[in-house]
Amino acid sequence: KYHKVLEENRKLYNQIQDLKGNIRVYCRVRPFLHGQASNMSTISRIDDQNITIASASKNGKDARRNFTFNKVFGPTATQEEIFSDTQPLIQSVLDGYNVCIFAYGQTGSGKTHTMSGPKELNEKTIGVNYRALNDLFYLSEQQIRNSTNKGLSVPDANIVPVRSTAEVIEIMNIGQKNRAVSSTAMNDRSSRSHSCLTIHVQGKELTSGNMLRGCMHLVDLAGSERVDKSEVKGDRLKEAQHINKSLAALGDVIASLAQKSAHVPYRNSKLTQLLQDSLGGQAKTLMFVHMSPEADALSETLSTLKFAERVATVELGAARVNKDNVEVKELKEQIAALKATMTNKG
Ligand code: ADP
Ligand code: MG
């Protein structure tokens, strides 16, 4: 059954394999939540790649704005459907690419739902994180002869070798408990923190002996909404400003990548430093942009979609495999040794 799913995805898989560096952007619209059905929706039209947002303007006329993304998922899209268009990226991790999947959107728009799932987790409701890990472990077992016996490793404070999704979840739970005493939040209960899970994969190409190193970041970003300073004070305000700073830094990085600037300001925040190798040029990056359908979310929705539109224009350059060629490595060592003798003499 599993192979069938992968086969069916072959076309998309090849498309993603060929992906010449552009960041893919998928838009997901959350459904109205229980008891909200009578609320006005901002969506006037939606199809596979387009979403049109309507707002009543001051002069009584309808203002419409269309956005185009690689994919638009409407409110009825299932977790399985969401993941089926993400799945080909997972094979890329094992092939030695850096992959970054991140969720963007205002608080309550469904970021955590996409990445982790709702509170009630089962086979149907689990999100991208679990599905990606399950696939990674499944696929690495299929290619067991190509993998080292180290397994996959997840860096926390240390790098922890893991062998199953359950082990990763256990580590994530420990991270969540540590959160109360540590300054960097591992998991996202409050929406004012980023949550990042990074998986490093190492393997050896049997034919060449080259080491392949793939890496996957799964990121559930903090809410993108502007913070109303009148509502938060003290430590919460500091935290909110800090979070806003890091999202602003992400925006700056995206903007300078889009403009192909010579200098990209990665160093302005921890978040952009962490994601540097996934936003820099040799990675395959997928952004899920989330929106709430309610009319009262309109202004945040528009600024979210405009941000996403900008992200979609970024060209990263062709994704590249992380390969340590054995010969090149030896040559580099020889050069380093020569340089050392030269400096000793000089
Ligand atoms: P965020 O992480 O962006 O703050 P959440 O993922 O916590 O938002 O979603 C807010 C609420 O909406 C949660 O109760 C979540 O279960 C629900 N929700 C979000 N997206 C969906 C969806 N696609 N289908 C059903 N419920 C959803
Ligand atoms: Mg959340």
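What share of the contacts in the chain with a separation of 6 or more comes from residues 24 or more positions apart? I looked this up before anything else. The share is 67%. I note here that the model is predicted.

**Overall counts.** I went through the secondary structure of the chain and found 12 helices and 12 strands. The chain has 346 residues, and 35% of them count as buried.

**Confidence.** I wrote down ipTM 0.99 and pTM 0.80 for the model. Mean pLDDT for the chain is 77, with 71% of residues at 70 or more. I then compared the elements: strand β5 (residues 71–73) has the highest mean pLDDT, 96, and strand β7 (residues 152–155) has the lowest, 38. Residues 144–158 have pLDDT below 50, yet I find 35 contacts for this stretch in the model beyond near neighbours in sequence. A further stretch, residues 179–189, also stays under 50; the model has 18 contacts for it beyond four places in sequence. Where pLDDT is low, predicted coordinates should not be read in detail. I leave both stretches there.

**Ligand 1.** I listed the residues around ligand 1 and got 15. Those that come nearest are R30, G110, K111, T112 and H113. Which element gives the most to this shell? I find that helix α5 (residues 111–115) does, with three residues. By class, the shell has 10 polar, three nonpolar and two charged residues.

**M291.** I located M291 in strand β11 (residues 283–291). Is M291 buried or exposed? I count M291 as buried because it has 27 C-beta neighbours inside 10 Å, and the cut-off is 20 or more. Leaving out residues up to four places away in sequence, M291 touches C27, V29, G105, S109, T301, T304 and L305. I also checked M291 against D235: the two are 56 residues apart in sequence, and their C-alpha atoms are 28 Å apart in space.

**Helix α11.** I checked its length. Next I listed the buried residues of α11: E300, T301, T304, L305, F307, A308, V311 and A312. Why do I put them on the same side of α11? They cover an arc of only 155° around the axis, and therefore they lie on the same side of the helix.

Methods
Residues are numbered from 1 along each chain as its sequence is written. Chains are lettered from A and ligands numbered from 1 in the order in which they are written. This is a predicted model: local features need pLDDT of at least 70, side-chain atom pairs count only at pLDDT 80 or more; totals for chains, interfaces and linings use all residues. A residue is near a molecule or strand if its C-beta atom, placed from the backbone, lies within 6 Å of it. Helices (H or I, at least four residues) and strands (E, at least two) are DSSP runs, numbered from the N terminus. Ala, Val, Leu, Ile, Met, Phe, Trp, Tyr, Cys and Pro count as nonpolar, Asp, Glu, Lys and Arg as charged, and the others, Gly among them, as polar. A residue is buried if 20 or more other C-beta atoms lie within 10 Å of its own, exposed if 12 or fewer, and partly exposed in between; C-beta atoms are placed from the backbone. Two residues are in contact if their C-beta atoms, placed from the backbone, lie within 7 Å. pLDDT is the predictor's confidence in each residue, from 0 to 100. The arc is that of the directions from the helix axis to the C-beta atoms.
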